[in-house]
Structures are given as structure tokens and as C-alpha cells.
Amino acid sequence: MTSPPRGKVFLVGAGPGDPGLITLRGIECLRQADLILYDYLVNPRLLEHTRPAARKECLGRHGQGRILSQAEINAQMVDAARSGETVVRLKAGDPIIFARAAEEIDALTAAGVPLEIVPGITAAFGAGSYAGIPLTMRDQASAVALVTGHECADKQSPELDFAPLAKFPGTLVVYMGVTSAPRWVAALIAAGKSPTTPAAIVRRCSWPDQRVLRTTLEKIPAEIEAQRIRPPVIVVVGEVTGFEGAARWFSDRPLFGQRILVTRALEQIGAFGRQLEILGAEVVVQPAIEIGPARDQAALEAAVAQAGDFDWLVFSSANGVRYFFERFVAQGYDARRLAQTRLAVMGPGTRAALAEFKLHADVEPDVRRAEALADALASDARGKRFLLVRASRGREVLAERLTAAGGQVTQVVAYE
């Protein structure tokens, strides 16, 4: 008897915004998922870690269409897992901090669905680090309290008791407190918290458009209204927000506040886009090109088989290197096949791709242009055989210049 399909659900913390803050385990889960159900606050760059065939569904955003209810989300996870799918419920911050994880765990457990919880960096800790606010200090705050500014409307237990919070010997961090700020600020002050207690409002912590407003407890509602601040926001209340050494490492980065459109092929955006993000930019991904294998694989395989008969192999791009040598290795060849062949590359990226196959370039021009590479090879071209490994599109400058210098030039398309 065949057992029924059995899937699994991963409750994964995406962190507060910066796509580099997700855990390695979180990325592993995304890579194996069949279905990703994600909050609108999750950075869409994280979806680059998913399989092309995976289904991705945003669960709704306030003011932009319908938001799925918790019951609908639970049902969708259970149904998908019961059909044998691997599901990632991707949550902003940490799954178990003000993220309704308990309700999802109850639903999955009741349905007999296996689950795993993958922690994430919660917004409070992200805000502290990215705004340069130490949430604890030896002489000012030996404790941190995470407080919701938005309690459940049908909550059965008593509302928050602000008296102990007002006397709390440390830092208060308030989640989801924008629209309710007048209420909870007034409650803290009425319970004895000093109106002049230093505070900081941190919006979209770790995102390229992060804002940090330093104020005092009593002025929080007015600041929110005057600056038209909207969620997501973390409010930090306590002496630590007045820390004079507050770092501006995040907002002082050279590309902070800049939005950059990257049009490279999707599979090549990752490292480049991440470098821009590290420098502070918001990266918008819109591939304008797609890279794939050459249509004429027979011609490529023939060129690979004859590679050792050429005096020079010339590569004008990293893609050409990878597609050529992947076929080279697949046909059972190794570096001995090229013992009498010299290698030329267009620039440092192409050289680095060659190094991935433990090979080194004999020639690389100072300027990354076909003319410069042709000049570097032309002086010794007469009578030599050149194999130019290229894309399906491109200029003919290199082939024309080497032919004019007396070389015997063969071209092969390694990728489209």
C-alpha cells in the first residue's frame, strides 16, 4: 500500500529587511520549497534563493488588495503540506516574536503536518544595530522589554499593565505602535514614566531608506504625525537612545538612499547586486538579457574536442569560459589536453572564470576591449591558429584584426 504524500512546513524568519540578514538555514529552506507564502514586509530579493518552479505568494498588503486571514493562511499551509509539498512560511523578523506563530503551529500540529521553526533577527535587534543604539548598556540598561503597541482586539486576558513597564529598569522596544502611539505613550506617562525619557523612532530598519528620528517619549505621537511616519516602525524608549557615540555606519555608506536598476542576467545579479547593497543602495532587479547554452551543441563539442590543436584559445567573457569548459570537462578532458595551447582573456572577470577551472591566462590586455586584446595578440599572430570562444552576438573586431595579422581564426558560439 502506498503511503500518502507527506510534506513539511518551515516557519522561517526573514530578518528585518536587509536580505543578507537571513540565516543559512533559512536559505536552505527557500531553495527546497515548492510553495513560499511570504509577508509583504519581506525583502523580495530573498525570493532569488527559490527554485524557478516554486510558487510564490504574497499574503497581502494594507491598502493594496485583499489581505489573507490567518485562518486562510493556516488552511493553505496544511493543504499544500498534505499534498506532499514543502512549504516555507516566510515571516519578517523572527517567527515567534509578534508574528502569530503560535496560531500557525497549533494549526499544523492539529493537522499532523511536520514543521520546523527557523529563527530570524527580530526587528528590535535589527533597529538597535542599524540605528547605532545599544539596547543594553552596563550603566543604563541591564534589561530589554519587547512590547506590542497593537494588542489583539478580541484578547481574553487583561490588557497590558503599563505600571511595571513604566518602572522597567531598562529599554522598552515597542512594535506596531504607530497608530496607537497616543494611547500607549499616555499610558506610560500616566503610570510614572518621565515624559522627557529619550526615545528613537526607527522606520524600515536595515532597508536602504531607513529613517531614525530621535525625540522624547512625550513627543513621539507629534513626531509620527508631523513626519507622516507609517509602518513598519520600531520605537525604542530609554536612556540608551541618547547614547552620544551612536554610530551612523549604516546611513553613512556611500550609496545610502540611492536606488539602482540592475539589468544583468538574473543568474549573474547575485554577487554584483549584493556589493551594491553593502554600499548602501537599494537594488531593483530587472533582467534585460537571458543567457543560455548554444543552440548548436555539436559545433561546440567539435571545437572542444579540437581545443588542443589550436595555438590559442581566446575568451572574451566569463560566460564563454564557463560554457566551454563545462563541456570540456563533461567530455572527459583535463588540463593535459591544452599542454601546447595558450590562453587569452578579455579582462579580470574572464580571468577569474578561467581560474575556477584551475587555468591561468597567458595574455590579458590592460584595457577590457576587443581592440586591446587584438593588439596584444597581433604581433605573434602570423601562422598561428586561434579558436575564439564567443557569444551568439557580438562585434567581429577581434576576428577581423587577428585575420588581418595573418592568424587562422576559427570561431565557436559557446552560449546564446
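These legends walk through several close-up views of a predicted model.

**View 1. The largest cavity and its lining.**
We begin inside the protein, where a search of the whole structure finds 1 cavity of 30 Å³ or more. About 50 Å³ of space lies in this largest cavity. Look for V147, T148, G149, F162, L165, L172, V174, W184 and L188, which line the largest cavity. Two or more of these residues come from each of β6 (144-148), α5 (162-166), β7 (171-175) and α6 (181-190). By class, the lining of the largest cavity has 7 nonpolar residues and 2 polar ones, with no charged residue.

**View 2. The second largest pocket.**
Next comes an open space: the second largest pocket, with a volume of about 880 Å³. It is lined by 34 residues, and S316, S317, A391, R393 and Y415 are the closest to its centre. Several elements each give two or more residues to the lining of this pocket, namely β13 (312-315), α10 (318-330), α11 (348-355), β15 (385-391), α13 (397-404) and β16 (408-415). The largest share of the lining, 4 residues, comes from β15. Sorted by class, the lining of the second largest pocket holds 14 nonpolar, 9 polar and 11 charged residues.

**View 3. The buried side of α12.**
Here the helix α12 (370-378) is in focus. Its buried residues are A370, L373, A374 and L377. These residues cover an arc of only 100° around the axis, so they sit on the same side of α12. What do the buried residues of α12 pack against? Their partners are β13, β14 (342-345), β15 and α13.

How many disulfides does a search of the whole structure find? The count is 0. C29 is in no disulfide, and the nearest cysteine sulfur, that of C58, is 20 Å away. C29 is also buried, with a relative accessible area of 0%. For C205, the closest cysteine sulfur is again in C58, at 18 Å, which is too far for a bond. C205 counts as buried because its relative accessibility is 6%, under the 20% cut-off.

**View 4. A cis peptide bond between two prolines.**
This close-up shows the peptide bond from P231 to P232, which is cis, with omega near 5°. As background, most peptide bonds are trans. P232 lies in the loop between α7 (220-226) and β10 (233-237).

**View 5. A positive phi at S206.**
Some background for this view and the next: most residues other than glycine have a negative phi. S206 has a positive phi, near 75°, and is a residue other than glycine. Where is S206 found? It lies in the loop between β8 (198-203) and β9 (211-216). Is S206 buried or exposed? S206 counts as buried, at 4% relative accessibility.

**View 6. A positive phi at K358.**
The last stop is K358, a residue other than glycine whose phi is positive, near 60°. K358 is found in the loop between α11 (348-355) and α12 (370-378). With a relative accessible area of 70%, K358 is exposed, whereas S206 in the previous view is buried.

Technical notes. Residues numbered from 1 in each chain as written. Predicted model: local features only at pLDDT ≥ 70, side-chain atom pairs only at ≥ 80, totals over all residues. Heavy atoms only, no water. 1 Å grid on protein atoms, 1.4 Å probe; cavity = no way out; pocket = protein on both sides within 12 Å on 5 of 7 lines; lining within 4 Å. Points joined across faces, edges and corners; volume = space filled by probe spheres on them. Nonpolar A, V, L, I, M, F, W, Y, C, P; charged D, E, K, R; others polar. Disulfide = S-S within 2.5 Å. Buried < 20%, exposed > 50% of the residue type's maximum accessible area, 1.4 Å probe, protein only. Arc of directions from axis to C-beta. Contact = heavy atoms within 4.5 Å.
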